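Dear colleague,

I am handing over the structure below, and I would be glad if you could look through it alongside the notes that follow.

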Amino acid sequence: MSSHELTRFIDSVVRSHELATGLKPLTTHEQIIAYGQQQGFDFTVSEWSDLHQQDLLNQSSAVQESIRLADPGHWSWAFRQLSSWRAMLMEGAGDGRS
């Protein structure tokens, strides 16, 4: 179960261009967690991991595969980690694989 703070962080990224822009250079889940915590959101690694895993399991196998294959060095990688953040990507954003 995700904490209120984790949910608040995820929603704040969707609403705030500044917070969303901060995701672009991130290449690991640890960096996403640290970024959220540095921005003042109090959630744990376990809470992030549980929520991410649940979100991933709710996706089709094709979407799961595209998430696994996305290049962590591509600016969109962090956005691909949660369905609510993937929804922010415009069609044709690419994932750095081509």
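This is a predicted model: local features need pLDDT of at least 70, side-chain atom pairs count only at pLDDT 80 or more; totals for chains, interfaces and linings use all residues.

As for secondary structure, the protein has six helices and zero strands, so that, by the definition of helices and strands used here, the pattern along the sequence reads α-α-α-α-α-α. Among the contacts between residues at least 6 apart in sequence, 57% join residues at least 24 apart.

The rest of this message concerns one pair of helices. Two packed helices are described by the angle between their axes and by the distance between those axes. Helix α3, which covers residues 29-38, packs with helix α4, residues 45-57, at an angle of about 120°, and their axes are 10 Å apart. Because of that angle, α3 is oblique to α4, given that the range from 65 to 115 degrees is what counts as roughly perpendicular and that only angles over 145 count as roughly antiparallel. The crossing of α3 and α4 is right-handed.

Which residues meet where α3 and α4 are in contact? From α3 come His 29, Ile 32 and Ile 33, and in α4 they meet Val 45, Trp 48 and His 52. Sorted by class, the contact of α3 with α4 has four nonpolar and two polar residues, with no charged residues.

Technical notes
Residues are numbered from 1 along each chain as its sequence is written. Side-chain values use heavy atoms; hydrogens and water are left out. Axes are lines fitted to C-alpha atoms, for helices over the stretch in contact, and angles run from 0 to 180 degrees between N-to-C directions. Helices (H or I, at least four residues) and strands (E, at least two) are DSSP runs, numbered from the N terminus. Angles under 35 degrees count as roughly parallel, over 145 as roughly antiparallel, 65 to 115 as roughly perpendicular and the rest as oblique. A crossing is left-handed if the near helix is turned anticlockwise from the far one by less than a right angle, and right-handed if clockwise. Contact means heavy atoms within 4.5 Å. Ala, Val, Leu, Ile, Met, Phe, Trp, Tyr, Cys and Pro count as nonpolar, Asp, Glu, Lys and Arg as charged, and the others, Gly among them, as polar.
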